[in-house]
Amino acid sequence: MYQVLSQSSAILTLLGLTVALVGLGFLWSGRGQRVWDEVGHLLPALIFVVSLGATVGSLLYSDVLGFEPCRLCWFQRIAMYPIAFLSGLALWR
């Protein structure tokens, strides 16, 4: 399970970085506003999906696989868990 979770996280991270680089390319080329007009309405759902994935992933690593989180991971959790809850609440409303 650890292998699958780690590889999935790595692949999703690379995919996210690729999308971010493509977005920066559009901004530098001057087509950023047109792209924003097309996909900007998806941003709240994207925020929810990313924060929920980080929350579930951290809980899987610590509670299911038994890894003890480091001190910096606790700070990340303190920030990420409310984002997942509040963005989910915002989408629901």
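Reader: Which residues lie nearest the centre of the largest pocket, and how many residues line it?

Author: The largest pocket has a lining of 40 residues, and those nearest its centre are Leu 12, Thr 13, Gly 16, Leu 46 and Val 50. The elements that give two or more residues to this lining are helix H1 (2–29), helix H2 (32–39), H3 and helix H4 (71–92), and H1 gives the most, with 14 residues. This is a predicted model, in which local features need pLDDT of at least 70 and side-chain atom pairs count only at pLDDT 80 or more, while totals for chains, interfaces and linings use all residues. Residues are numbered from 1 along each chain as its sequence is written, and side-chain values use heavy atoms, with hydrogens and water left out.

Reader: What makes a space a pocket, and which residues count as its lining?

Author: On a 1 Å grid over the protein atoms alone, a pocket is an open set of points with protein on both sides within 12 Å along at least five of seven lines, and a lining residue has an atom within 4 Å of a point. The space in the largest pocket comes to about 1,300 Å³.

Reader: How do the lining residues divide into nonpolar, polar and charged?

Author: There are 26 nonpolar, twelve polar and two charged residues in the lining of the largest pocket. Ala, Val, Leu, Ile, Met, Phe, Trp, Tyr, Cys and Pro count as nonpolar, Asp, Glu, Lys and Arg as charged, and the others, Gly among them, as polar.

Reader: Why is Ser 8 called partly exposed?

Author: Ser 8, which lies in helix H1, has a relative accessibility of 34%. Partly exposed means between the limits for buried (under 20% relative accessible area) and exposed (over 50%), with a 1.4 Å probe and protein chains only, so Ser 8 counts as partly exposed.

Reader: Why is Tyr 2 called partly exposed?

Author: Tyr 2, also found in helix H1, has a relative accessible area of 43%, and therefore Tyr 2 is partly exposed. The C-alpha atoms of Tyr 2 and Val 64 are 9.6 Å apart in space, although the two residues are 62 apart in sequence.

Reader: Where does Val 56 lie, and why is Val 56 called partly exposed?

Author: Val 56 lies in helix H3, and its relative accessible area of 43% is why Val 56 is called partly exposed. From C-alpha to C-alpha, Val 56 and Ala 84 are 9.8 Å apart in space and 28 residues apart in sequence.

Notes. On a 1 Å grid over the protein atoms alone, a cavity is a set of points where a 1.4 Å probe fits but cannot get out, and a pocket is an open set with protein on both sides within 12 Å along at least five of seven lines; lining residues have an atom within 4 Å of a point. Grid points are joined across faces, edges and corners, and a volume is the space filled by probe spheres set on the points. Helices (H or I, at least four residues) and strands (E, at least two) are DSSP runs, numbered from the N terminus.
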